Amino acid sequence: MILDSILGRSGLLRLAAIAAAFSLALAGTATAKTPAQWVKEFWPTAKAASISKSTYDAALGKFTPDPTVLEKASNQAEFKREIWEYLDSTVTEKRIKEGQDLIDHHSGLLKRIEARYGVDKHIVVAIWGMESSYGAVLNNPTVVKGTIRSLATLAYQGGSRAKYGRQQLVAALKILQHGDITAKGMTGSWAGAMGHTQFIPTTYAAYAVDFDGDGKRNIWTSLDDALASTANYLAKMGWQKGKTWGYEVKLPKGYKAAKGERTLGAWQKAGIKRPNGKGFARPGDVATLFAPAGSNGPAFLILKNFSVIKRYNNANSYALAVGHLGDRLAGYDAFQGKWPWKEEPLSDSQKAKLQELLTARGFYSGTIDGNLGSGSREAIQAYQQAIGLPEDAGLQKILQLLQDGR
Ligand SMILES: [Ca+2]
């Protein structure tokens, strides 16, 4: 999400760490105001941004803070995932298959978007898949919230997200005032990322486009507008037409990853090659080596378009997932290199938990004793086969997948 690019991923986590403390401290300050008082106090700010009183009252007249937004805002700490764990959960066979079907289904639209903005349709669709599971998230009431209420909640709450909330709220009110979407239809994440490709209001203001020509920039229910807006954003961020994001490469044994930029040709001379042995289409293009697992896993020579994808969400893991999903959608293979999955052994209580979850899913009917005997192993194997997990997947991962409801 674009929010991440603005605050920075580490910034977000840092904010999260102090959010709980803030909300306690603020109980006696900002939130001592009633919502109605806050709405009244915020009016001059909106007015100064040319919001009409009728737009303002219609949007905020009955404002009450959304407790689920406050909860999300104070609970953003994520467990650390290796990049291969992230890829494994984001570039799934299901997502690849769905994306390919959607590319077939919307081939005319995607062709027109590609022709207009010069951005590879597979990348546009990959972002759509990553951001909203091709729009499926938009129908999930536990994820999707009224954007005005979410942003007003962040602004009203005070603390570290208040400035962001105020700024985005004003931009959101402008969208309403322009009539691009109704207040009811203006939905998004708790942090205000909206529509199929999760634009925050200021990004919407600068980059959303009306591709279907109805006079409204509708990234919520017009797929034409949503996907064209993403393509437009990437184009404005410097997408290089006709080029890829990068290549998987194989490092020579024991190679110490060199930093800095070199041409693809120079990297090749240093012994860094594509696993399939093919050369690079444009040996003069400048690339950086990205080896998240050192010489123990897939490594990549990344090009300018990789950093363009990062403008959508400033994380290497995200850009690699989008690039790879795009490649898979285009029919290319999975990475040739093997990621170094390594795990801590399960504790006894984790083993019991594993048995419990396998029982709940109907794979196991033995005693829940934390002792993984042959019955448990068979159950694990049956589960792995049922969800298409490779046989060498570790138990930590299996437990995590079960806990995630997969
Ligand atoms: Ca439109």
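Analyst: Tyr134 lies in the loop that runs between helix H9 (121–132) and strand E1 (145–146); helices (H or I, at least four residues) and strands (E, at least two) are DSSP runs, numbered from the N terminus. The model is predicted: local features need pLDDT of at least 70, side-chain atom pairs count only at pLDDT 80 or more, and totals for chains, interfaces and linings use all residues. Residue numbers start from 1 along each chain, as its sequence is written.

Although Tyr134 is not a glycine, its phi is positive, at about 55°. Tyr134 is partly exposed, with 18 other C-beta atoms within 10 Å. The classes rest on C-beta atoms placed from the backbone: a residue is buried if 20 or more others lie within 10 Å of its own, exposed if 12 or fewer, and partly exposed in between.

Ser50, in the loop between helix H3 (35–48) and helix H4 (53–60), has a positive phi of about 65° and is not a glycine either. Ser50 counts as exposed because it has 11 other C-beta atoms within 10 Å.

The wider setting comes next. The protein chain holds 19 helices and six strands, and 37% of its 406 residues count as buried. Of its contacts with a separation of 6 or more, 69% are between residues 24 or more positions apart; a contact requires C-beta atoms, placed from the backbone, to lie within 7 Å.

Val124 is one of the residues with the most contacts inside the largest nonpolar core, together with Leu301 and Val322. That core has 85 residues, a nonpolar core being a set of buried Ala, Val, Leu, Ile, Met, Phe, Trp, Tyr and Cys residues joined through C-beta atoms within 7 Å. Leaving aside residues up to four places away in sequence, Val124 touches Ile113, Val119, Leu227, Thr230 and Ala231. A separate, second core of nine residues includes Leu354, Leu358, Phe363 and Ile380.

Next, a helix pair. The axes of helix H10 (residues 147–157) and helix H11 (residues 162–178) come within 7 Å and cross at roughly 145°; axes are lines fitted to C-alpha atoms, for helices over the stretch in contact, and angles run from 0 to 180 degrees between N-to-C directions. Among the residues making this contact are Leu151 and Ala155 of H10 and Tyr164 and Leu169 of H11. The contact residues divide into nine nonpolar, four polar and one charged: Ala, Val, Leu, Ile, Met, Phe, Trp, Tyr, Cys and Pro count as nonpolar, Asp, Glu, Lys and Arg as charged, and the others, Gly among them, as polar.

Finally, the sheet. Four strands form an open sheet in the order E3-E6-E5-E4, with antiparallel pairing; two strands pair if DSSP finds at least two bridges between them. Strand E3 (246–249) and strand E4 (261–263) are the edge strands. Strand E5 (residues 286–290) is joined by three bridges to strand E6 (residues 299–302), and three bridges also join E4 to E5. Thr288 stands opposite Ile302 in E6, and Glu261 stands opposite Thr288. The covered face of E5 carries Ala287 and Leu289, whereas Val286, Thr288 and Phe290 are on its uncovered face.

Methods: Contact = placed C-beta atoms within 7 Å.
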